[in-house]
Amino acid sequence: MDDQRDVGEVRDDSIRLNSVTLDCPDAGALATFYAEITGGAVVMRHEGWARVDGPGGRIDFQTVPAHTPPTWPTGPVPMQSHLDLLVTDRDAAEVRVLAAGAEKYEFQPNDDHCSVYADPAGHPFCLTTWDGPP
């Protein structure tokens, strides 16, 4: 295949994260949850897709009617990813996410700096005060 670019054209091969997309049974409902807990705003919502713009980035949501939530910490549907949300006061943030509909998992592997919750669609997410290297 021939390269059809002009001789002086500069190529930009930069790659940057645009968003994270979570599958869920109801994109609009889960977008509302994340907008509420992050202080963001639902900026797009339609039948199969929704978007939240918030402090620190964007999260997209895709409706998948047969969505099966992951099990934590082990089980038949392994957790393949989770969101880490940086907070200053975990206790205050916990009150906020529980009031919005999250559930706190019984198993807490890093209780000194991190608490693990499930969003209303069952995705694990963490409230963490630690922003250091893994």
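A residue is called buried when its relative accessible area is under 20%, exposed when that area is over 50%, and partly exposed in between. In the predicted model described here, Lys-104 is partly exposed, with a relative accessible area of 39%.

Strands of a sheet pair through backbone hydrogen bonds, in either a parallel or an antiparallel manner. In this model, four strands make up an open sheet in the order E1-E4-E3-E2, and their pairing is mixed. Its edge strands are E1 and E2 (41–46), each of which pairs on one side only. On average, neighbouring strands of this sheet are turned by 20° against each other, direction ignored.

Two of the pairings can be described in detail. Strand E1 (residues 20–24) pairs with strand E4 (residues 57–63) in the parallel sense, over five bridges. Within this pairing, Leu-22 has Phe-61 in E4 as its bridge partner. Strand E3 (residues 49–54), by contrast, runs antiparallel to E4, and six bridges join the two strands. Here Gly-54 stands opposite Gly-57 in E4. E3 and E4 form a hairpin with two residues between them. In the turn of this hairpin, Gly-56 has a positive phi of about 95°.

## The salt bridges

Side chains of opposite charge can pair when their charged atoms come close.

| Residue | Partner | N to O distance |
|---|---|---|
| Asp-60 | Arg-51 | 2.9 Å |
| Asp-60 | Arg-58 | 2.8 Å |
| Lys-104 | Glu-94 | 2.9 Å |

The salt bridge between Lys-104 and Glu-94 links two elements. Lys-104 lies in strand E6 (residues 103–104) and Glu-94 in helix H2 (residues 90–100), so the pair ties together parts that are ten residues apart in sequence. Elsewhere, salt bridges that share partners join Arg-51, Arg-58 and Asp-60 into one network.

Arg-51 counts as partly exposed, because its relative accessibility is 21%.

A polar atom of the Arg-90 side chain does, however, lie 2.8 Å from the backbone oxygen of Asp-111.

Asp-111 is also among the residues that Arg-90 touches.

Conventions:
Residues numbered from 1 in each chain as written. Predicted model: local features only at pLDDT ≥ 70, side-chain atom pairs only at ≥ 80, totals over all residues. Heavy atoms only, no water. Pairing = 2+ DSSP bridges. Axes fitted to C-alpha atoms, helices over the stretch in contact; angles between N-to-C directions. Salt bridge = Lys/Arg side-chain N within 4 Å of Asp/Glu carboxyl O. Buried < 20%, exposed > 50% of the residue type's maximum accessible area, 1.4 Å probe, protein only. Polar contact = N/O pair within 3.5 Å; in protein donor to acceptor, adjacent residues only side chain to side chain. Contact = heavy atoms within 4.5 Å. Lists of a residue's contacts leave out its neighbours within four places in sequence.
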